[in-house]
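Work through these exercises with the model open beside you. Try each task before you read its solution.

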Amino acid sequence: MLQGCARVGLVVGLVMLQLVAGCGRAGDSEATGGRAGGGLPAVASGVDSQPALLSAAGPAGTAQGQASGAAVAGAGKPAYPIVRYVSVDQLPRDLVIFDSVFWEPDDTVSLRQKIAADSRLRGAAVLEVGTGSGLVSLCCLQAGAGSVVATDLNPAAVENARENCRLLGFGDRLDVRRVPRRSPGAWTVLQADETFDLIISNPPWEDQRPETVEQFALYDPGFELLESLVTGARQRLRPGGRMWLAYGCVTAIRQIQKVADRERLEHRLLDERRLEDLPELFLPGLLIELTVPAGK
Ligand SMILES: C[S@@+](CC[C@H](N)C(=O)[O-])C[C@H]1O[C@@H](n2cnc3c(N)ncnc32)[C@H](O)[C@@H]1O
């Protein structure tokens, strides 16, 4: 499969490339399809791109049957149509993806591997900014995080993350909060004194203006969210805490490095790829770690 085409895919030529290459197929483990159109079902093809409600349970034992059965038992009809059923290696059962909610697991391959292997996550207090389907937050809980606060400004994403949390049985360890569109900073829905051991985000990567709620998954005008994340790290990280950001945009990563230097934060790329060798937009996303230097 051609990697790197999906998130970039709002460029018409690359969307064409994606369609030709068969990206956007859903239903397989680690199936891709989100970056083109921010998870818009129009790009996805295949059986599970058809909107369906949880109450329309699939056959028992199938992915759709499992997801439907659990959700019906737990909460009844969901607030938004399901457009696909997906699975990733790190989670023991399928997730559901609601209409308009971002799905591109290639964004967070390194991030999810890092989470699964990180012994310091056990019992940790985690914040995820921009949770989408809840994918990364749920991986943190699966890896033993004590609690996760997850935010999103797409109302469907907020409900989607809650639904997937119910499906996985993590109860109240996940606290999903909706960010108002009029004040989209990284910290808007946090209490003044809330701090975390780990702050993670796979935010929008490109400096463009979003026009629809789906496009907030892709576009961060003026890199305002990026700036907000990095400038707030010092205040929101507990001593020894870490911020992990997943980005697949060279300009955005250079901007993170610049703002982190300004804020006197330590930063390093947790990746063997060199920025100089990468195209402007690429997949899988690259992980950047920010920490507050000891004693500063
Ligand atoms: C690229 S998607 C990532 C979703 C999910 N974390 C994942 O990896 O699948 C970015 C998400 O951030 C959300 N978002 C954009 N701006 C935001 C903000 N200011 N605060 C919270 N969430 C935001 C979008 O709605 C979208 O769900």
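Predicted model: local features only at pLDDT ≥ 70, side-chain atom pairs only at ≥ 80, totals over all residues.

## Exercise 1: An aromatic pair

**Task.** How many aromatic pairs are there? Which class does the pair of Tyr80 and Phe98 fall into: stacked, edge-to-face or tilted?

**Solution.** 
- Step 1. Ring centres must lie within 6.5 Å to pair. The count comes to 1 aromatic pair.
- Step 2. In this pair, the ring centres of Tyr80 and Phe98 are 6.1 Å apart.
- Step 3. Planes under 30 degrees apart count as stacked, and over 60 as edge-to-face. The planes of Tyr80 and Phe98 stand at 35°, so the pair is tilted.
- Step 4. Now place the residues. Tyr80 sits in the loop between α2 (63–75) and β1 (82–86), while Phe98 belongs to strand β2 (residues 95–98). The pair therefore ties together parts that are 18 residues apart in sequence.
- Step 5. Tyr80 is partly exposed, at 27% relative accessible area. Phe98 is buried, at 1%.

## Exercise 2: Reading the sheet

**Task.** In what order do the 7 strands of the open sheet stand? Which strands are at the edges?

**Solution.** 
- Step 1. Write down the order: β5-β4-β3-β6-β7-β9-β8, with mixed pairing.
- Step 2. Look at the two ends. β5 (174–178) and β8 (266–269) each have a single partner strand, so one side of each is left without a neighbour in the sheet.
- Step 3. From one strand to the next, it averages 20°.
- Step 4. Helix α5 (residues 155–168) lies across β4 and β5, and runs at about 170° to β5.

## Exercise 3: Around β9

**Task.** How many bridges join β7 to β9? How many residues of β9 are buried?

**Solution.** 
- Step 1. Strand β7 (residues 237–249) and strand β9 (residues 281–291) run antiparallel, joined by 7 bridges.
- Step 2. Find some partners in β9. Leu245 is bridged to Ile288, and Tyr247 to Leu286.
- Step 3. Turn to β8. It pairs with β9 in the antiparallel sense over 4 bridges. Here Leu269 has Ile288 as its bridge partner.
- Step 4. Of the 11 residues of β9, 10 are buried, so β9 is largely enclosed by the rest of the structure.

## Exercise 4: The whole chain

**Task.** How many helices and strands does the protein chain have? What share of its residues counts as buried?

**Solution.** 
- Step 1. The protein chain has 7 helices and 9 strands.
- Step 2. Of its 296 residues, 56% count as buried.
- Step 3. Its accessible surface comes to about 12,200 Å². Carbon and sulfur atoms account for 51% of that surface.

Technical notes. Residues numbered from 1 in each chain as written. Heavy atoms only, no water. Phe/Tyr/Trp six-rings, centres within 6.5 Å; stacked < 30°, edge-to-face > 60°. Helix = DSSP H or I, 4+ residues; strand = E, 2+ residues; numbered from the N terminus. Buried < 20%, exposed > 50% of the residue type's maximum accessible area, 1.4 Å probe, protein only. Pairing = 2+ DSSP bridges. Axes fitted to C-alpha atoms, helices over the stretch in contact; angles between N-to-C directions. Contact = heavy atoms within 4.5 Å. Areas by Shrake-Rupley, 256 points an atom, 1.4 Å probe, with all protein chains shown as cover.
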